[in-house]
Amino acid sequence: MLTKKDIRYVLDTLQDMYPDADCELDHENELELLIAVVLSAQATDALVNKVTPDLFAKYKTPEDYINVSLEELQHDIKRIGLYRNKAKNIRKLCADLIEKHDGEVPNNYESLINLAGVGRKTANVVMSVAFGMPAIAVDTHVERVSKRLGLCRWKDSVLEVEKTLMRKIPEEEWSATHHRMIFFGRYHCQAKTPHCPECPLLSVCREGQKRMKKQDV
């Protein structure tokens with residue numbers, strides 16, 4: 001596991017690599033962000049961004065999503081995986097927004113997590129990006145990078161990864177680090193082809209060092 005000094009080096013290096021890392025889901029308001037994050041489950045941000053321009057032009061309010069048939073909404077998001085379940089969840093969460101929150105996206109974690117189709121990752125993204133609250137959302141990139149670097153244990157669950165990162169990273173850096181880890185995992189430390197030889201974190205990365213040793217054999 002990384003020492004406090006190593007963790008500081010990781011955080012500073014990620015900042016140097018991706019100083020402007022931010023949410024890559026296109027949106028103009030809290031509702032659009034919430035819908036986009038729900039759609040992004042097991043789908044790439046790039047694919048979601050291809051679908052949402054037409055979607056957000058058609059659906060402006062929670063009422064718009066429930067005033068069309070389920071089949072119509074499914075058709076509008078059909079290019080995205082799991083579109084049937086996602087359409088059902090979007091309609092349910094929009095109904096919840098209308099009935100429980102006056103049609104507004106709530107700015108507290110407990111209310112968000114109780115919306116249909118909204119898990120910890122989605123709630124944390126909305127809290128961080130939409131409302132500027134410190135949060136760490138653990139997606140596949142954050143989980144992979146955390147475990148490869150040794151910030152977390154290989155056997156840790158997603159929840160354990162989240163709690164460990166919250167404990168080891170200063171709270172004021174949670175949101176920025178979350179985005180930087182996503183960028184690092186998406187563009188540098190990819191699942192199948194990580195760029196270990198030229199990685200500035202190789203000196204503290206247990207997984208990278210193992211991979212380099214295998215290449216030398």
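**Figure 1. Burial and overall form of the predicted model.** In this predicted model, buried residues make up 48% of the 217 residues in the protein. The protein contains 12 helices and zero strands, and from the N terminus on its elements run α-α-α-α-α-α-α-α-α-α-α-α. The radius of gyration is 19 Å, close to the 17 Å that the globule rule gives for 217 residues, so the protein is as compact as a globular protein of that length. The C-alpha trace spans about 60 × 30 × 30 Å along its principal axes. Of the contacts with a separation of 6 or more, 59% involve residues 24 or more positions apart.

**Figure 2. Surface and charge of the protein.** The protein exposes about 11,300 Å², and carbon and sulfur atoms supply 50% of this area. There are 32 positive and 33 negative side chains. The centres of these two sets lie 10 Å apart.

**Figure 3. Aromatic pairs in the structure.** A pair of aromatic rings is described by the distance of the centres and the angle of the planes. A search of the whole structure finds three aromatic pairs. One of them is formed by Y18 and F183, whose rings are edge-to-face, at 5.8 Å centre to centre and with 65 degrees between the planes. This pair links distant parts of the chain: Y18 belongs to the loop between α1 (4-17) and α2 (30-39), whereas F183 belongs to helix α11 (residues 174-187), and the two are 165 residues apart. Both Y18 and F183 are buried. The rings of Y59 and Y65 are stacked, because their centres are 4.6 Å apart and their planes stand at 15 degrees. Y59 and Y65 are likewise buried.

**Figure 4. Two residues with a positive phi.** Most residues other than glycine have a negative phi. Q42 is not a glycine, yet its phi is positive, at about 55 degrees. Q42 is placed in the loop between α2 and α3 (45-58), and it counts as exposed because its relative accessibility is 75%, where the cut-off for exposed is over 50%. D102 also has a positive phi of about 55 degrees although it is not a glycine. The loop that holds D102 runs between α6 and α7. D102 is exposed, with a relative accessible area of 75%.

**Figure 5. The surroundings of L97.** L97 is part of helix α6. Its relative accessible area is 0%, so L97 is buried. Leaving aside neighbours within four places in sequence, the contacts of L97 include L31, L34 and P62. The contacts of L97 also include D102, G103, E104, V105, P106 and L115. L97 and W154 are 57 residues apart along the chain, and their C-alpha atoms are separated by 37 Å.

**Figure 6. L115 in the loop between α7 and α8.** L115 is found in the loop between α7 and α8 (120-130). With 5% relative accessibility, L115 counts as buried, since buried means under 20%. Not counting residues up to four places away in sequence, L115 touches L34, L93, D96, L97, H101 and P106. In sequence L115 and I90 are 25 residues apart, and in space they are 9.2 Å apart, C-alpha to C-alpha.

**Figure 7. E104 in the loop between α6 and α7.** E104 sits in the loop between α6 (83-101) and α7 (109-113). E104 counts as exposed because its relative accessibility is 54%. E104 and R8 are separated by 96 residues in sequence and by 38 Å in space, C-alpha to C-alpha.

**Figure 8. E63 in helix α4.** Helix α4 (residues 62-66) contains E63. The relative accessible area of E63 is 33%, so this residue is partly exposed. E63 and D45 are 18 residues apart in sequence, and their C-alpha to C-alpha distance in space is 25 Å.

Note on methods: Residues are numbered from 1 along each chain as its sequence is written. This is a predicted model: local features need pLDDT of at least 70, side-chain atom pairs count only at pLDDT 80 or more; totals for chains, interfaces and linings use all residues. Side-chain values use heavy atoms; hydrogens and water are left out. Helices (H or I, at least four residues) and strands (E, at least two) are DSSP runs, numbered from the N terminus. The radius of gyration is taken over C-alpha atoms; the globule rule is 2.2 Å times the number of residues to the power 0.38. Buried means under 20% relative accessible area, exposed over 50%, partly exposed in between (1.4 Å probe, protein chains only). Contact means heavy atoms within 4.5 Å. Accessible areas come from the Shrake-Rupley method with a 1.4 Å probe; for residues, only the protein chains shown count as cover. Lys and Arg count as positive and Asp and Glu as negative; His and the chain ends are not counted. The place of a charge is taken as NZ of Lys, CZ of Arg, CG of Asp or CD of Glu. Rings of Phe, Tyr and Trp (its six-membered ring) pair if their centres lie within 6.5 Å; planes under 30 degrees apart count as stacked, over 60 as edge-to-face and the rest as tilted.
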